[in-house]
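Hello,

Please find the structure below, followed by notes on what was found in it.

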Number of protein chains: 2
Amino acid sequence: MKLADIQTPAAIIDVSRMNRNIERMQRRMDALGVRFRPHVKTSKCLAVIDAQRGAGARGITVSTLKEAEHCFAHGVLDILYAVGMAPTKLARAADLRRRGCELKLVTDTAASAHAMAEFGRQHVQSLDVLIEIDTDGHRSGIGPDDPQLLKVARVLHEGGMNLCGVMTHAGSSYGCHTPEALRTVAERERALCVLAAERIRDSGLPCPTVSVGSTPTALAADHLDGVTEVRAGVYVFFDLCMLNVGVCAMEDLALSVLSTVIGHQAENGWAIIDGGWMALSRDRSTQQQIVDFGYGQICSRDGVVIPDYFVGSVNQEHGIVSRAGIPDADIVHRFPVGTQLRVLPNHACATGAQFSEYQALNDSGTISTWSRINGW
Amino acid sequence: MKLADIQTPAAIIDVSRMNRNIERMQRRMDALGVRFRPHVKTSKCLAVIDAQRGAGARGITVSTLKEAEHCFAHGVLDILYAVGMAPTKLARAADLRRRGCELKLVTDTAASAHAMAEFGRQHVQSLDVLIEIDTDGHRSGIGPDDPQLLKVARVLHEGGMNLCGVMTHAGSSYGCHTPEALRTVAERERALCVLAAERIRDSGLPCPTVSVGSTPTALAADHLDGVTEVRAGVYVFFDLCMLNVGVCAMEDLALSVLSTVIGHQAENGWAIIDGGWMALSRDRSTQQQIVDFGYGQICSRDGVVIPDYFVGSVNQEHGIVSRAGIPDADIVHRFPVGTQLRVLPNHACATGAQFSEYQALNDSGTISTWSRINGW
């Protein structure tokens with residue numbers, strides 16, 4: 001099969017770029033002296049996870065119990081489910097543990113910690129639990145100085161749970177676009193998570209794991225003193241959002257959407273492609289960043305960037321391609337009906353999620369179909 | 001199974017609301033004297049399509065050939081694929097026709113029409129084709145006055161294709177919010193599509209079908225003189241976008257996302273739920289409308305709207321629920337960890353697309369799982 005034979009829209013992985021991204025991150029984590037636990041929510045794909053583990057990753061991070069179940073069935077034992085635990089999901093998590101999965105859960109509330117302890121008592125089962133720390137105010141977690149931190153730690157420990165440590169995610173790093181700002185966020189993520197661990201240890205409780213990470217902070221940190229492991233996800237493909245953040249080059253972007261020109265509005269300078277929001281997603285992450293790429297950057301079928309051409313708007317199965325600035329009066333001839341174009345996405349996690357499978361393209365031109373673990 | 005037992009996030013269909021929406025639209029189309037051909041891109045679900053056909057729909061509209069293939073296998077013969085035809089998809093379309101599917105294709109360019117005619121010559125096969133008309137400048141189609149219209153009609157007719165008629169979609173109706181504005185867009189959609197048909201007929205070519213539609217214009221049109229059929233999709237579930245447009249009430253919204261509270265940031269007045277953009281989609285259709293609902297309106301598990309509580313922001317698997325205006329200092333007790341909440345979405349098509357199946361909830365409380373036809 002060649003690209004020309006693929007039914008569009010299709011999600012294309014440039015395998016050599018992906019492998020380069022995996023090597024880059026793993027080498028950096030090795031140099032910083034930390035365990036690397038990639039977040040597989042970006043790819044949700046066993047072939048990609050195999051490549052990450054082959055390069056040196058130890059354990060994985062997941063965003064759904066379904067990812068955990070599929071990865072465990074594939075032979076991955078050490079799995080961190082990095083979303084605050086809902087009590088109604090404890091039975092599924094416990095089942096994975098009974099079958100031998102070293103599943104780790106996350107909480108940031110006394111209510112959830114109590115639910116875990118109560119579940120553990122009822123089922124005579126200890127669970128591995130990390131406490132989520134808030135290091136930038138963007139979402140979840142307990143502040144390192146918050147009295148709740150030691151309360152939750154005690155509820156877990158005294159309730160028979162295995163208090164494994166602390167974890168944080170400085171999601172606000174996605175809003176940075178200078179090396180200085182990134183280093184500042186990275187150092188804050190590190191220092192506050194280490195501080196939380198020290199407070200727990202000072203209270204006489206165990207806290208072996210200190211887990212931090214996001215793709216930007218993982219690539220920006222000067223040192224990771226006190227940190228034992230790093231998590232990052234989107235680095236595996238990178239995307240236009242990460243390009244704007246400044247942690248990759250356009251040539252690193254490994255995920256694109258192959259689409260076909262189906263029509264034009266010549267007077268407007270529009271080419272219509274069969275890649276709408278159903279394929280690209282509605283993600284507009286670059287809207288607030290230094291360069292707004294619309295719904296994606298246009299490339300040739302072979303992946304060569306065509307400067308200034310973007311997907312400017314989308315409907316469900318239609319994308320409108322236009323040139324920034326002066327409309328292209330010659331777009332009908334530049335991109336005739338039937339032309340295949342590749343679109344680099346704003347956010348690889350969101351665009352990947354629109355597909356049930358990838359077409360993985362090797363340098364030799366061979367294409368393999370890799371399935372995704374969608375759903376919950 | 002009860003709602004309390006469902007693993008969250010989950011897409012819930014309120015079946016009695018859905019059936020009411022289906023009845024309302026069908027009665028209206030019957031009163032206007034037109035054939036109703038629902039667009040199934042919203043639900044992509046055979047159980048929903050069966051309900052639409054049972055109420056009187058004749059034929060369906062699809063947004064992907066995969067929908068066409070599954071619906072044909074399910075016994076639906078009369079199918080309009082309402083996205084401009086890519087030449088590379090002709091073989092799949094022709095295969096459906098050879099197997100007895102009355103598949104109709106769409107084009108708005110001479111290049112695509114030539115590709116169809118050439119394909120037909122090579123495979124000794126005539127295809128049913130409609131010409132897409134641009135009645136509001138929002139996306140695709142040929143203007144009714146454009147000389148291209150008759151050129152494309154002739155390419156099809158002389159190339160041995162069966163020129164079935166014209167079709168248009170006034171997508172700009174989604175930007176309206178007064179009855180007057182909607183009636184104006186609806187009348188323009190009708191009049192310009194009928195004009196295009198008359199120009200084709202005046203040139204001596206056939207044009208039996210005049211197909212128009214969007215949910216807002218279908219519900220706003222005063223009359224549909226000259227129109228033979230109407231297409232509409234999102235009416236089956238409605239959503240917050242349609243509420244803002246003014247064509248439904250909050251009590252008509254039939255699709256919601258069931259989610260669970262997994263934590264809080266008490267000082268911010270936030271409850272964190274396990275419904276992030278992976279479940280709700282990144283669609284922010286209401287951002288530009290008269291009421292901005294964030295990423296969705298919060299309801300109790302039983303579907304009762306909780307005024308002023310919205311999903312204000314999302315990450316992949318996290319949604320942040322907050323109160324508009326003054327933060328809720330008591331949110332930890334209002335929505336304790338483990339509380340199930342339902343979220344009414346901005347755009348039912350986009351939110352449905354994040355799921356592989358629905359949980360269909362009847363008035364009696366019984367729940368059935370209905371699968372979706374995702375992908376291409």
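Two strands count as paired if DSSP finds at least two bridges between them. Strands (E, at least two residues) and helices (H or I, at least four) are DSSP runs, numbered from the N terminus. This is a predicted model: local features need pLDDT of at least 70, side-chain atom pairs count only at pLDDT 80 or more, and totals for chains, interfaces and linings use all residues. Residues are numbered from 1 along each chain as its sequence is written, chains are lettered from A and ligands numbered from 1 in the order in which they are written, and side-chain values use heavy atoms, with hydrogens and water left out.

Chain A first. Strand 7 (residues 162-167) and strand 8 (residues 209-212) of chain A run parallel and are joined by 3 bridges. A:Gly165 has A:Thr209 in strand 8 of chain A as its bridge partner. In chain A, 8 strands make up an open sheet with parallel pairing, in the order 2-9-8-7-6-5-4-3. Strand 2 (35-36) and strand 3 (60-62) of chain A are at the edges with a single partner strand each, so one side of each has no neighbour in the sheet. Helix 6 (residues 148-158) of chain A lies across strand 5 (102-107), strand 6 (128-132) and strand 7 of chain A, and runs at about 175° to strand 6 of chain A. Axes here are lines fitted to C-alpha atoms, for helices over the stretch in contact, and angles run from 0 to 180 degrees between N-to-C directions. Contact means heavy atoms within 4.5 Å.

Next, the relation of the chains. Chain B is superposed on chain A by a rotation of 180° with 0.0 Å of shift along its axis (RMSD 0.0 Å), fitted by least squares on the C-alpha atoms of residues with pLDDT of at least 70 in both copies. The two copies are thus related as by a two-fold rotation axis. B:Arg282 is the residue of chain B that comes closest to the rotation axis, at 2.5 Å (C-alpha).

In chain B, the axes of helix 1 (residues 15-32) and helix 2 (residues 46-54) come within 9 Å and cross at roughly 40°. B:Met18, B:Asn19, B:Ile22 and B:Gln26 in helix 1 of chain B meet B:Val48, B:Ala51 and B:Gln52 in helix 2 of chain B.

Regards
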